[in-house]
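Please look at the sequence and the structure below before reading on.

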Amino acid sequence: PAMNGLPTDPRRHLAAKVARLQRERGFSSEALAARARLDLDELERIHRGEAPVALDVIFLLAGALEVEPGELLGGLAWVPDGEGGGEYRDADPGQG
C-alpha cells in the first residue's frame, strides 16, 4: 500500500475507494449496483479489483456515491519512465 493506506495498483485502489465510500454512505452492494446501473456481478468484480473498469463505469459509480469521478482515483499518480512505460505511485507520499 501507499503511504495514504490505499493500494497503488489502480484496480485495487479504486476498489478500496468504492468500498470506503459505500460504507460511509450505508449502501449495500445491491443498492450501490442499482444506483450506478451496474450488474451486481460487475460491482463485485470491481470490489475484488479483478476487472478493468471502463471510464463510463467510474462516472456511474461516482454519481451513485455522490462524489466527483476524480475522487475515486485521488491519491494515485502515473509516473512515466521516459521509455513509454511507467508505474503507479502514491500521488502525495507526504500525506499519511
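Which element of the protein chain has the lowest mean pLDDT, and which the highest? Strand β2 (residues 86-90) has the lowest, at 82, and helix α2 (residues 29-36) the highest, at 98. Here pLDDT is the predictor's confidence in each residue, from 0 to 100, and helices (H or I, at least four residues) and strands (E, at least two) are DSSP runs, numbered from the N terminus. Over the protein chain the average pLDDT is 88, and 86% of the residues score at least 70.

The model is predicted: local features need pLDDT of at least 70, side-chain atom pairs count only at pLDDT 80 or more, and totals for chains, interfaces and linings use all residues. Residues are numbered from 1 along each chain as its sequence is written, and side-chain values use heavy atoms, with hydrogens and water left out.

**Salt bridges**

Side chains of opposite charge can pair when their charged atoms come close. A salt bridge is a side-chain nitrogen of Lys or Arg within 4 Å of a carboxyl oxygen of Asp or Glu. The structure holds five of these salt bridges, including those in the table.

| Salt bridge | N to O distance |
|---|---|
| R20 and E24 | 2.8 Å |
| R25 and E24 | 3.5 Å |
| R48 and E50 | 3.0 Å |

R20, E24 and R25 are linked in a network. Within it, R20 and E24 both belong to helix α1 (residues 10-25), where four residues, about one turn of the helix, separate them.

R20 is partly exposed because its relative accessible area is 30%, and R25 is partly exposed because its value is 31%. R48, with 41%, is therefore partly exposed, and E50, with 46%, is therefore partly exposed too.

**A negative patch**

E30, D39, D41 and E44 form a negative surface patch. Such patches are made of residues with over 30% relative accessible area and no salt bridge, like charges being joined within 9 Å and nonpolar side chains (Val, Leu, Ile, Met, Phe, Trp, Tyr) within 5 Å.

**A residue of helix α2**

A31 is found in helix α2. Its relative accessible area is 28%, so A31 is partly exposed. The C-alpha atoms of A31 and A64 are separated by 9.3 Å, although the two residues are 33 residues apart along the chain.

Key. Accessible areas come from the Shrake-Rupley method with a 1.4 Å probe; for residues, only the protein chains shown count as cover. Lys and Arg count as positive and Asp and Glu as negative; His and the chain ends are not counted. The place of a charge is taken as NZ of Lys, CZ of Arg, CG of Asp or CD of Glu. Buried means under 20% relative accessible area, exposed over 50%, partly exposed in between (1.4 Å probe, protein chains only).
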